[in-house]
Amino acid sequence: MVHLHINRSYFFIIICSIILLWMCLQFGLMNTWLEETLLPNAKECSTVIHVEVDQQISAYKQQVARLKRFIASNVPANRSLYYIEDIHLHLPFVYVITPTYSRPTQKAELTRLVQTLLLVPNLHWIVVEDNVEKTDLVTRLLKKSGIKYTHLNTATPSEYKLSSNDPNWLKPRGVQQRNLALSWLRQNYNLNRANGVVYFADDDNTYDVDIFEEMRFTNKVSVWPVGLVGGLLVERPIVENGKVVGWFSAWKPNRPFPMDMAGFAVNLKALLDHPSAMFNLSAPRGFQESSLLHTLVTINQLEPKANNCTEVLVWHTRTEKVKLKAEVALRRQGKQSNTGIEV
């Protein structure tokens, strides 16, 4: 009978080696299993979590918007609502300048814009009426909006006003109103207090709320694509290596800045530092944007936003001109459908 005498220490090493080998094999199998089974599920789980977080953020924004509207509708008229925005002290303000004029669709379009702006923190809405005096309709709408606002008015000179049968492109619109808003900013802010960006938002466009976050940290002038404008599905800056090098534009592409008013934002300090930067009533058709921007920036200084100008976050939509033949007939009889009702 043969007896094997094995040193206990060697025996221990052999056993440990076997266990280690087994663990390595198991780890390899486990790693494969993780890659084939759990990892895709983990990625899917992560995606689900991100979606849920986005949904929660949207829900909170909606709640804040509802709260703003509720407060605006219930506090005395002499109380300020500005404190609502003070919880976002770290964010630069977005100063949104909107010219507006009386027409059947005015309230509808301003109401739609309110619903968007309510979701944007640290926003100051400067609404300028094309009128010799402020109208009750716009005054009531702004008071109810829950948005921090400034209400101004100035009338466009009669020789520059469109008649009812003129095409909307025949004469410049909103020039006096935008210039008044710029003057108001210069009178109420100085370079030491200025921390924000200025955006010219017409009341008939459609805006994704993300565009306001894209522009918020503009250093000088930021730009992005605009949908449904200039005869194209999208008019946009051409970006190479993070720099704007040209424009994809079909209408008067040789303009210094062949872009729509909705396609850029300007740092407030840049405007204050250039007091001559204004719009020009005498500028040729399509040159309003260029009349302002050429005093502020060169093309190589423009800051492309919206994922290097590959995403559309604003659309140059227009409301169809309403047909009111029946209303006109009623008024010939001394009647109207909206007696005692604001439309």
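Predicted model: local features only at pLDDT ≥ 70, side-chain atom pairs only at ≥ 80, totals over all residues.
Student: Where do I start with a nonpolar core?

Tutor: Start with the general idea. In soluble globular proteins, nonpolar side chains tend to be buried together. In this model, the largest nonpolar core has 36 residues.

Student: Which residues have the most contacts inside that core?

Tutor: Leu185, Phe200, Phe264 and Leu292. Helix α4, residues 175–188, gives the largest share of this core, with 5 residues. There is also a second, separate core of 31 residues. Leu110, Val114, Tyr199 and Met215 are among its members.

Student: What does Phe200 touch, leaving aside residues up to four places away in sequence?

Tutor: Its contacts are Ile97, Arg178, Leu182, Met261, Ala262, Phe264, Phe279 and Leu292. Two of these names, Phe264 and Leu292, are also on the list of residues with the most contacts in the largest core.

Student: Which strands pair with β4, and do they run parallel or antiparallel?

Tutor: Look at the bridges. Strand β1, residues 93–100, runs parallel to β4, with 5 bridges between them. Tyr95 has Val198 as its bridge partner there. Strand β10, residues 264–267, runs antiparallel to β4, joined by 3 bridges. Here Val197 is partnered with Asn267.

How values were computed. Residues numbered from 1 in each chain as written. Heavy atoms only, no water. Core = buried A, V, L, I, M, F, W, Y, C linked by side-chain atoms within 4.5 Å. Buried < 20%, exposed > 50% of the residue type's maximum accessible area, 1.4 Å probe, protein only. Helix = DSSP H or I, 4+ residues; strand = E, 2+ residues; numbered from the N terminus. Contact = heavy atoms within 4.5 Å. Pairing = 2+ DSSP bridges.
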